Amino acid sequence: MGLANLAAGLMLWAAWMPALRANFTLPSDPGMMELAEKFQDFMAKFGKTYNSQEEMIYRFKVFAQNMETSQVLQDTELGTAQYGITPFSDLTESEFAKKFGNPVLQAVPFGLTEPPRSFMAAPQFCDWRKKGLSPVKAQGECGSCWAFAAVSNIEALWKIHRNVNRNLSVQEVLDCTYRSREGCLGGYVWDAFQYVFNNSGLVSSALYPYIAENHRCLKFKKQILTKIDGYSVLPRDEKYIANMVATQGPVTALINQKHLQHYRNGIIQRSKVGCDPNWLDHAVLIVGFGEGKVRRGTWSGSYWIIQNSWGKHWGEEGYFRMDRNSNTCGIAQYVTTAVLKDLGQEKSAVCPK
C-alpha cells in the first residue's frame, strides 16, 4: 500500500473506530486495521463510493463478513479455485442474488434429453478464445445474463463457421423477447434463440446499444441480419457436450452462481451439498475445456473454460474455470446452443488448443 493510501486508511480507521466497536466484536486492533486497509484498497480498485459514513460502515461490515465467507469457501474447495476480494465484496448474498441472479430459471420448462448412442471423443484441449471471440461484456445490475449468453453464442458461431465478426444487440433481445414482462427480471436462453430465429437475426449493438435497463422494443427497417436456423438442447452428458464444443463451438449453460460472488481464479470444484446442481440462477457461455494437474496438491482432472458477463475485472479477466465431468454447480443440466445449418462446409470446425 502506498503512503497516500496508507494515510487515507489511517484516517478511515480513526473515523470508523467508535462505530466499528459498536458493531463488531474486535478480535484485535491490528487485525481490524488490516481489514480496514483491504477495504480501502477494494474501494479504490473498483471505484466504490458511498452516500454517507453510515452506509460506508455498513458496507465495511458486509465486506468483513464476506471475507469470512471466502475463507470458508477456501477451506472447503475441492479444486484449485481461489476466493477473496471481488467487485461484489460489499454486497450481501441476497443483494448479489437480486442484482445478478436469474430467478425465472427455477421453472425450467423442459426435461432430460438422451445422448446419442455414439459420438467422437473430444480432444484434451479446446479454447475458442484463440479464434478471436467477442470481448467479455458487463451486464450491470440487470438480470440479463440469459440475453448475453445467447448473443455471445450466436456471435461465436458466426465467427467460427463464417469468419464474420458480429457485435450484436443484447438490448434488442432484452427488450423484445418478452412483451409481457421486463427482461431485466430474467429469462431463458432458448427464448432468446427463438426470438432471433423468428425475426431473422439481430441488429448491431452500435445501432441498438445496451443500457442495462428495460426499454420498449425498437424496430429498425435497415438491419444487418445475423440469422440462425433454430437451437438445440444438448444431453446432460459432459463428454458429449465437450465434443459439441470442440466440433461446433461455444454453448450456453445454466449454473448455480452462489460461489462466483467470491471467486478470483482457478478451477472450481464443489460438492453437491456445497453447490446444489438443481438450483440454477445464472446463464454463461462455455468456450472451451482443458486438462489440469496440481503437482503439490490433490486435484487433477479436466475443466471447463467459461465466459461470464460481469466484465473483465472479475475472475480470470472475465472468465472462470470449473471442474468437468462432475456436474459441478449444475453445469450440465441445461446446455443449449444456436444452430447454423448452412455453414458452407462439410467437416467440423477445428478448435484451437
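Trainee: Which residues line the second largest cavity?

Mentor: A caution before the list: this is a predicted model, where local features need pLDDT of at least 70, side-chain atom pairs count only at pLDDT 80 or more, and totals for chains, interfaces and linings use all residues. Residues are numbered from 1 along each chain as its sequence is written, and side-chain values use heavy atoms, without hydrogens and water. A cavity is a set of points on a 1 Å grid over the protein atoms alone where a 1.4 Å probe fits but cannot get out; lining residues have an atom within 4 Å of a point. Here the lining is Leu133, Ser134, Pro135, Lys137, Ser152, Glu155, Ala156, Leu285 and Gln307. H5 gives the most, with 3 residues. Helices are DSSP runs of H or I, at least four residues, and strands are E runs of at least two, numbered from the N terminus.

Trainee: What volume does the largest cavity have?

Mentor: A volume is the space filled by probe spheres set on the grid points, which are joined across faces, edges and corners. The largest cavity has about 70 Å³. The structure has 3 cavities of 30 Å³ or more.

Trainee: Which element gives the most to the lining of the largest cavity?

Mentor: H5, with 4 residues. The lining includes Cys145, Phe148, Ala149 and Ser152, and also Lys137 and Gln307. H5 and strand E7 (282-293) are the elements that give two or more residues.

Trainee: How do I read the packing of H5 and H7?

Mentor: Two packed helices are described by the angle between their axes and the distance between the axes. Axes are lines fitted to C-alpha atoms over the stretch in contact, and angles run from 0 to 180 degrees between N-to-C directions. H5 (residues 145-162) and H7 (residues 189-198) pack at about 55°, axes 8 Å apart.

Trainee: Which residues meet?

Mentor: Contact means heavy atoms within 4.5 Å. Trp146, Ala149, Ala150, Asn153 and Ile154 in H5 meet Val189, Ala192, Phe193 and Val196 in H7.

Terms used
On a 1 Å grid over the protein atoms alone, a cavity is a set of points where a 1.4 Å probe fits but cannot get out, and a pocket is an open set with protein on both sides within 12 Å along at least five of seven lines; lining residues have an atom within 4 Å of a point.
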